[in-house]
Amino acid sequence: MAATPTAQDTLAAEFAAHRSHLIGVAYRLTGTRADAEDAVQESWLRLAGLDDAGRAAIRDLRGWLTTVVGRICLDRLKSAAAQRERYVGNWLPEPVVTPFGRPVSEDPLDIAVRDDGLRMAALVVLDKLTPEQRVAFVLHDAFSVPFAEIADALGVSVDAARQYASRGRKALADADPAPRVPLEDQAKILEKFVIALQAGDIRAITELLAPDVVLIGDSNGKGRTTRQLIVGADKIARFFVGLAGKYPPGVLTGGTPVLVNGDLGVYLAPQPGQDGFFALDEHVQAMTVRDGKIVAIYDVVNPEKLAGITRPGASPS
C-alpha cells in the first residue's frame, strides 16, 4: 500500500511543477547556470521554511516564487558587479549549448533558451543594466509580476520600481538587439563564413559581415581570444584570417555546429599545439544575424563558463 503523501511531499511536488519556469527567470536575471540553479534552490528553502500560516497566505505560488527568485538574484547581481571590476576583458553570459539538428533535451535551461529573450544578443543588453533595472524590467515585462511585488523585492517605492523597469525597457529598445532569424538562414551564412575562412578570403568574409559588426571575446585571461571589442567588417575579417594561420590547418574551421542560447553557433574542442602552431583552447562561439549579415560574434573561452555545457556527442547531464 502506497504511503500517504505528507504536506512537505505535496509542497515539493508543487514546487517541482514551477522549477523550469524559475530556472528561466533566474538565468535571464543572472546570465549564469550556477547562479540560476542556486537561486532556485534557495527559493525552495525559503518556501519549505515557512510555517503553515505563511504558506496559507500565498495565493499565487508561481508569482510568489518568481518574486522570491528575483530578490535572490538581485543580491547576486550586486555581488557580481563588484567581481566584474576584476574581470579580465569582456564579460559574456554563460552559454547554454544544445545539439543542432537533433531533439533538444528536457533540461530546464535547454527549454528556457527557446525563448527569444534568452538569445545571447538580448542577454548582452540586459547585462548593461543596473541590477535594479534588470530585475524590475525582467520581472514585469517578461513575467508580468505586479509593480507592487517588484517594489517589495527591490525595497523601493512602486514609482521607483516603475522607473527602473522603464529605464531597462528604454535601454533594450535603444540597443535594438537583432531578433532571432530562422536556423536555416543562419546555417547558410555560417557555411559561407567557414568556406571563406578556409580559403583565407578576406573579401568574401567581409561581405558576410555587417559594416558595424562586433566581435566580443570572453576569457577572463584564461584562454586565447580578443580582450578588446573588435568593431568593423574589415578588421574582423583580417583578425580571423590572421588567427587561422596561428593554428594547425583546419582547426578553426573544423568546429561542430551547435545551438548557443537557441541560435546557431560552433563548438571548438581543445586541440594540442604542433609544429610551431598554437594549442587551441575550448571555445563556444555564437553569432547574431540581421538582414542576411552577421552583426555580432560572441566567443566564450573562459573555462569556468564552459564547465557546465553539454558537449557535442555527450549525453545531457
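## The largest cavity

Let's start inside the protein: the lining of the largest cavity has eight nonpolar, four polar and two charged residues. Here Ala, Val, Leu, Ile, Met, Phe, Trp, Tyr, Cys and Pro count as nonpolar, Asp, Glu, Lys and Arg as charged, and the others, Gly among them, as polar. This is a predicted model, in which local features need pLDDT of at least 70 and side-chain atom pairs count only at pLDDT 80 or more, while totals for chains, interfaces and linings use all residues. Residues are numbered from 1 along each chain as its sequence is written, and side-chain values use heavy atoms, with hydrogens and water left out.

The structure holds two cavities of 30 Å³ or more, and the largest cavity contains about 100 Å³ of space. A cavity is a set of points, on a 1 Å grid over the protein atoms alone, where a 1.4 Å probe fits but cannot get out; a pocket is an open set with protein on both sides within 12 Å along at least five of seven lines; lining residues have an atom within 4 Å of a point. Grid points are joined across faces, edges and corners, and a volume is the space filled by probe spheres set on the points. In the largest cavity 14 residues form the lining, and Thr225, Leu243, His283, Gln285 and Asp299 lie nearest its centre. Helix H12 (233–244) and strand E6 (283–290) are the elements that give two or more residues to this lining, with H12 providing the largest share, three residues. Helices (H or I, at least four residues) and strands (E, at least two) are DSSP runs, numbered from the N terminus.

## The second largest cavity

The second largest cavity holds about 40 Å³ of space. Its lining consists of Arg119, Ala121, Ala178, Pro179, Arg180, Val181, Gln186, Asp263, Met287, Thr288 and Val289. Sorted by class, these residues are six nonpolar, two polar and three charged. E6 makes the biggest contribution to this lining, with three residues.

The contact takes 23 residues from domain 1 and 25 residues from domain 2, where contact means heavy atoms within 4.5 Å.

About 1,900 Å² is buried between domain 1 and domain 2, and carbon and sulfur atoms give 62% of that area. On the domain 1 side, Asn90, Leu92 and Phe100 lose the most area to domain 2, together 35% of what that side buries. Buried area is the accessible area (1.4 Å probe) that two parts lose on being put together, summed over both.

## The largest pockets

The largest pocket has a volume of about 540 Å³. Of the 22 residues that line this pocket, Val124, Lys128, Val214, Ile216 and Tyr298 lie nearest its centre. Two or more lining residues come from each of helix H6 (120–126), strand E2 (209–218), E6 and strand E7 (293–300). Both domains take part, as the lining draws at least three residues from each of domain 1 and domain 2. Its class makeup is 15 nonpolar, two polar and five charged residues.

Turning to the second largest pocket, the volume is about 430 Å³. Its lining has 18 residues, and Thr32, Asp35, Gln83, Trp91 and Lys305 lie nearest the centre. Helix H2 (33–48), helix H4 (61–84) and helix H13 (303–306) are the elements giving two or more residues to this lining. H4 supplies the largest share, six residues. By class, this lining has five nonpolar, six polar and seven charged residues.

## Two residues to look at

Arg28 sits in helix H1 (residues 7–30). Arg28 counts as buried because its relative accessibility is 10%; buried means under 20% relative accessible area, exposed over 50%, and partly exposed in between (1.4 Å probe, protein chains only). Apart from neighbours within four places in sequence, Arg28 is in contact with Asp115, Gly117, Leu118, Leu123, Leu126, Arg134, Val138, Ala142 and Phe143.

Thr256 belongs to strand E4 (residues 256–260). With a relative accessible area of 34%, Thr256 is partly exposed. Not counting residues up to four places away in sequence, Thr256 touches Gly265, Val266, Tyr267 and Pro312. Thr256 and Arg224 are separated by 32 residues in sequence and by 19 Å in space, C-alpha to C-alpha.

How values were computed:
Domains from an automatic or database assignment.
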